[in-house]
Structures are given as structure tokens and as C-alpha cells.
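Subject: Structure handover

Hello,

My notes on it follow below.

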Amino acid sequence: MKSRIVVCAVLVALAVAAGCSVTPDQERAIGAADAAQIDSQMPLIHDTTVVQFVTALGQSMASRTSRANLDWHFSVVNSPEVNAFALPGGFIYVNRGAIEQADRLDELAGIMGHEIGHVVRRHSVKQIEQAEKGDVGVVLLCTLTVACRTIGGRAAIRIGADAKSAHYSQRDEAEADSEGVVNTTRAGIDPEGLPSFFQTLLEKRTQDPTIVEAFFSTHPTDQSRVAATRKQISELDLGTAQNLMRDNPEFHAIQARVKAMPPPPKAPPPKQ
């Protein structure tokens with residue numbers, strides 16, 4: 001825990017020294033530092049075949065965004081919970097559970113495209129810039145590191161009696177949804193995967209809430225969000241979209257490979 005606080009203290013100084021304005025270079029430094037912490041403390045899947053597939057899928061979308069010049073990184077967290085998250089500077093993490101629970105390729109692409117959208121819109125960076133100086137540390141600790149999370153992203157600790165929520169705003173989520181639709185479409189993937197995945201998770205929530213609670217804690221979702229995303233897709237006038245990919249055998253081979261792996265490690269109990 002001390003090492004995380006030390007890292008964040010340095011990053012807070014960086015942000016404050018810049019007058020709470022974070023440059024692209026600082027954004028990259030923040031993301032890289034936090035990625036190093038996450039990589040050393042969260043269980044990751046290092047299977048080359050799986051990682052290469054997820055990276056190729058992510059790059060197919062990230063390379064077509066306005067921030068294609070970032071050094072994008074894609075990792076798979078060995079957690080059964082359905083979730084994904086992004087760090088500043090182009091570091092995207094996808095939980096094993098998201099791969100296992102997706103019905104089709106376009107659903108996995110949709111949620112990854114959404115997280116890429118957070119980076120494109122610099123949502124985490126804007127939280128840092130807009131936070132009062134006393135709150136910057138809270139935002140960094142809770143949003144950009146695992147200090148406030150267990151393996152799957154559940155809140156684990158509360159920093160101070162008046163700690164602010166570090167979740168993205170509804171506006172941020174809507175913007176990331178919009179980016180997700182655009183990102184998948186540009187990559188030749190059916191954007192319907194994003195609202196379809198939301199709908200799948202809403203249904204799974206009534207069947208087995210444990211595996212999706214982390215997603216809903218960081219991505220509040222209801223039928224209005226599904227409808228709003230589908231409305232945007234309809235306005236794209238894609239027609240029959242015969243040339244947009246919804247699924248392929250490679251995704252299901254990767255999914256089967258992940259499901260055949262040993263069970264993920266159990267998350268530690270939340271710290272009080």
C-alpha cells in the first residue's frame with residue numbers, strides 16, 4: 001500500500017505542479033506508472049495466443065481513433081468478473097470474465113471500444129484537472145490504481161471521510177458509448193455488439209449478480225442506456241451492414257481456450 005501512495009504522491013505533485021493541467025506526456029507517465037503497479041499486483045493472463053488476440057482486436061479500433069499515435073497496451077486480467085477499465089495514455093485492461101460471458105466477437109469489441117473511448121476523450125485526465133488540489137490524490141488512488149479495488153474492480157477501501165466518488169459521470173459514460181459505436185464501426189465490426197452486451201449483462205444480473213456486480217458498479221447501466229446506444233447506431237444509417245463483422249470462429253476458439261484455463265484466483269476480502 002505504501003508503494004502505491006508513494007507513486008500517487010509523485011503523480012499528484014506532477015498534476016499540481018502543472019497547475020492541474022495534465023499534458024499528453026504527463027498523461028502517458030501517469031498511465032505507465034499505474035500500469036506497472038497493476039501489472040505487479042493483479043493476476044494477469046500471459047497466454048500468448050489470448051493476449052495477441054485481444055491486442056489485435058484492440059489495435060484494430062485504437063489505430064483508427066484520433067489518438068492512434070498513443071502506444072496502446074491491452075492486457076487480460078485473470079478475474080471471473082465481467083469488467084474492463086482504462087488508464088490514461090492508452091492502457092486497456094479486459095477481465096477474463098468479459099471474454100467468457102460475451103456471446104459474440106462484436107460484444108467483446110464493443111466493451112473494449114468503450115474503454116478506448118474513455119482514453120480518447122481523456123476522461124480520467126479531466127477528473128484530475130477538475131479536482132480540487134486536496135482531492136487529486138483520491139482521484140488518482142481510486143480511479144487510476146487498484147488501491148480502491150479488489151481483483152475485479154469492487155470498492156475495497158474508503159480514503160478519508162469525505163472522499164469523492166471516482167466513477168465516471170453519466171456524461172463520460174455516454175461519450176464513451178458513443179466512441180465505442182464509432183470505434184467498432186471504423187474497424188469493420190458491428191456496433192450492435194455494445195448495446196447487445198449491455199442487454200446480456202442486464203439479464204445475467206438477475207441470474208448471477210456476482211459476476212457482473214463489478215461492471216455495474218463502474219458502468220451504471222439500465223434499459224435507457226441500451227436504447228440510447230441503439231438510437232445512435234440507427235442514426236448511422238448502416239443499412240444491412242453486410243460487411244460489418246458480428247462474430248467469427250477465432251473469437252470462440254479464444255473463448256474456449258480461456259474457459260479451459262485453471263480457475264482464476266479468489267479475490268481478497270475488501271479492506272475496511
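**The sheet**

Strand S2 and strand S3 (residues 91-95) run antiparallel, joined by 4 bridges. Helices (H or I, at least four residues) and strands (E, at least two) are DSSP runs, numbered from the N terminus. Two strands pair if DSSP finds at least two bridges between them. In general, strands of a sheet pair through backbone hydrogen bonds, either parallel or antiparallel.

Before going on, the ground rules. This is a predicted model, in which local features need pLDDT of at least 70 and side-chain atom pairs count only at pLDDT 80 or more, while totals for chains, interfaces and linings use all residues. Residues are numbered from 1 along each chain as its sequence is written, and side-chain values use heavy atoms, with hydrogens and water left out.

The sheet is open and has 3 strands in the order S1-S3-S2, with mixed pairing. Strand S1 (73-77) and strand S2 (84-87) are the edge strands, each pairing on one side only. From one strand to the next, the twist averages 20°. Helix H2 (residues 24-41) packs on the sheet and touches S1, S2 and S3. The direction of H2 makes about 30° with that of S3. Axes are lines fitted to C-alpha atoms, for helices over the stretch in contact, and angles run from 0 to 180 degrees between N-to-C directions. Contact means heavy atoms within 4.5 Å.

**Two buried residues**

Isoleucine 111 sits in helix H5. Its relative accessible area is 1%, so isoleucine 111 is buried (under 20% relative accessible area; exposed is over 50%, partly exposed in between; 1.4 Å probe, protein chains only). Leaving out residues up to four places away in sequence, isoleucine 111 touches Ala84, Leu194, Phe197, Phe198 and Phe215. Isoleucine 111 and valine 94 are 17 residues apart in sequence, and 8.8 Å apart C-alpha to C-alpha.

Aspartate 177 lies in helix H8 (residues 170-186). Aspartate 177 counts as buried because its relative accessibility is 5%.

**A backbone detail**

Most residues other than glycine have a negative phi. Arginine 122 is not a glycine, yet has a positive phi of about 55°. Arginine 122 is in the loop between helix H5 (105-120) and helix H6 (123-130).

Best regards
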